[in-house]
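Hello,

Here is the structure we spoke of handing over. Please have a look, and then read the notes below.

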Amino acid sequence: MIERNDYLDELKKWKDKDLIKVITGIRRCGKSTLFELYINYLRKIGIPDNHIISLNLESPDYQFKDYKDLYDYVNEKIKDNDMYYVFLDEVQVVEQFEKAVDGLYIKKNVDEYITGSNAYLLSGELATFLAGRYIELKAFPLSFKEYANYFQQDGDERLYLKYVNNSSMPYALKLDDQDEIDKYLDAIYNTIIVKDIVTRRKISDTSVLKSLSEFMFSSIGNVLSVKKIADTLTSNGRNISVHTVETYLDSLVESFIFNKVSRYDIKRKQYLQTGEKYYATDVTMRYALLGRKYIDLGHILENVVYLELLRRGYKVYIGKVGDKEIDFIAENSVGITYYQVAYTVRDKDTLERELSVLDNINDHYPKFILTMDVDPEIDFNGIRKINVLDWLLEK
């Protein structure tokens, strides 16, 4: 079992707090394993097994006809006033599950943890229903640091290339070759499409959805608009409306296959309504759909950096300064940090281009250029150029 210490520490921090702990993330990223790790921790600190109630609601062992059936099942196992730890994995499969979750939350001796593989879990009416009663922990596939720790290797470029070619999904570590990995990722993709999108959205033509997915995987890191996507697919023989693209794209984001990143105009201090970027939660899933004919290392590196910023708790935006673009504006409670990402800046013109973008920002927040170049760290008038693998392995 792969240790996910950062996530485990976060769960420990929220133990016995009067909030529902909601863990969200793409299927097979390790949410169930995190429950196992945390349950093992609870046992080590003396919590008896009969006070730990753990259900995987996609298992045939637990077929509840409705939320009341689920609530009654768990409630019958609560025999005394000591604290019970309740884990509901993939809770969204139970109709109106939020009523069972809220009913258990009301009990003073229940510490409740739930997972879901769709952002719908915390959207719309559900968010209103549970408002102020939960905290969300976002789970991702393995970081490069976790990947290097698993193999007990230095995080050099060779291992990085293995990381972005062989998948960051935990189970993929057990597979022997890229063909097996691609088949595994294709299976995950199809499970998401069927269980988290087609069934819920009642989509009849899955081929259009597949065409959209393929286009999005081939456009990682590009500025896109819904109209541009619709026009491109239509010109490629898929007659698809802007409304349909918007609906299907929302579904791909809700199911965590893609992450939508908005743009922010730094000088005008306003969010822009169009021209978002989309990054994949696992970049290697694109190989299962598109094959391995072409690998864009620059945009893949951007994708890796973006996910790492999310793991570190940042809100992330694409920056705009005049007609120039900043790869990432990362914001947290401490402040803002700007990042430019380039596979190499050994070429003088490339370096000057990346520096000029950051030079146009008239504030004193930290500014970085992240690159694969194995060079000593250099400071260009406050702009630090550092090796991206060192950055990925820090903390």
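Is the crossing of H9 and H11 left-handed or right-handed? The crossing of these two helices is right-handed. Bear in mind that the model is predicted.

**The helix pair**

H9 covers residues 206–218, and H11 covers residues 242–254. Their axes come within 10 Å and cross at roughly 70°. Angles of 65 to 115 degrees count as roughly perpendicular, so H9 and H11 are roughly perpendicular to each other.

Which residues meet there? From H9 come Val208, Leu209, Leu212, Ser213 and Met216. From H11 come Val245, Tyr248, Leu249 and Leu252. Eight residues of this contact are nonpolar, one is polar and none is charged.

His243 also lies in H11. His243 has 57% relative accessibility, so it counts as exposed. Along the sequence, His243 and Glu95 are 148 residues apart. In space, their C-alpha atoms are 28 Å apart.

**The cores**

The largest nonpolar core has 95 residues. Tyr160 and Phe328 touch the most other members. Helix H8 (residues 178–201) gives the most to this core, with nine residues. Another core lies apart from it and has 24 residues, including Leu57, Phe64, Val86 and Val91. As general background, nonpolar side chains tend to be buried together in soluble globular proteins.

What does Phe328 touch, leaving out residues up to four places away in sequence? Its contacts include Tyr279, Tyr306, Leu309, Ile318 and Val341. Glu302 and Thr337 are among them too.

**Two buried residues**

Asn165 sits in helix H7, which spans residues 157–166. Is Asn165 buried or exposed? The cut-off for buried is under 20% relative accessible area. Asn165 is at 15%, so it is buried. Not counting residues up to four places away in sequence, Asn165 touches Gln178, Thr284, Tyr287, Arg292 and Ile295.

Gly30 is in a loop, between strand S1 (20–24) and helix H2 (31–44). Its relative accessibility is 16%, so Gly30 counts as buried. With residues up to four places away in sequence left out, Gly30 touches Arg4 and Pro170. Leu57, one of the residues in the 24-residue core, is 27 residues from Gly30 along the chain. The C-alpha atoms of Gly30 and Leu57 are separated by 16 Å.

Best wishes

How values were computed. Residues numbered from 1 in each chain as written. Predicted model: local features only at pLDDT ≥ 70, side-chain atom pairs only at ≥ 80, totals over all residues. Heavy atoms only, no water. Helix = DSSP H or I, 4+ residues; strand = E, 2+ residues; numbered from the N terminus. Buried < 20%, exposed > 50% of the residue type's maximum accessible area, 1.4 Å probe, protein only. Axes fitted to C-alpha atoms, helices over the stretch in contact; angles between N-to-C directions. Parallel < 35°, antiparallel > 145°, perpendicular 65-115°, else oblique. Left-handed = near helix turned anticlockwise from the far one by under 90°. Contact = heavy atoms within 4.5 Å. Nonpolar A, V, L, I, M, F, W, Y, C, P; charged D, E, K, R; others polar. Core = buried A, V, L, I, M, F, W, Y, C linked by side-chain atoms within 4.5 Å.
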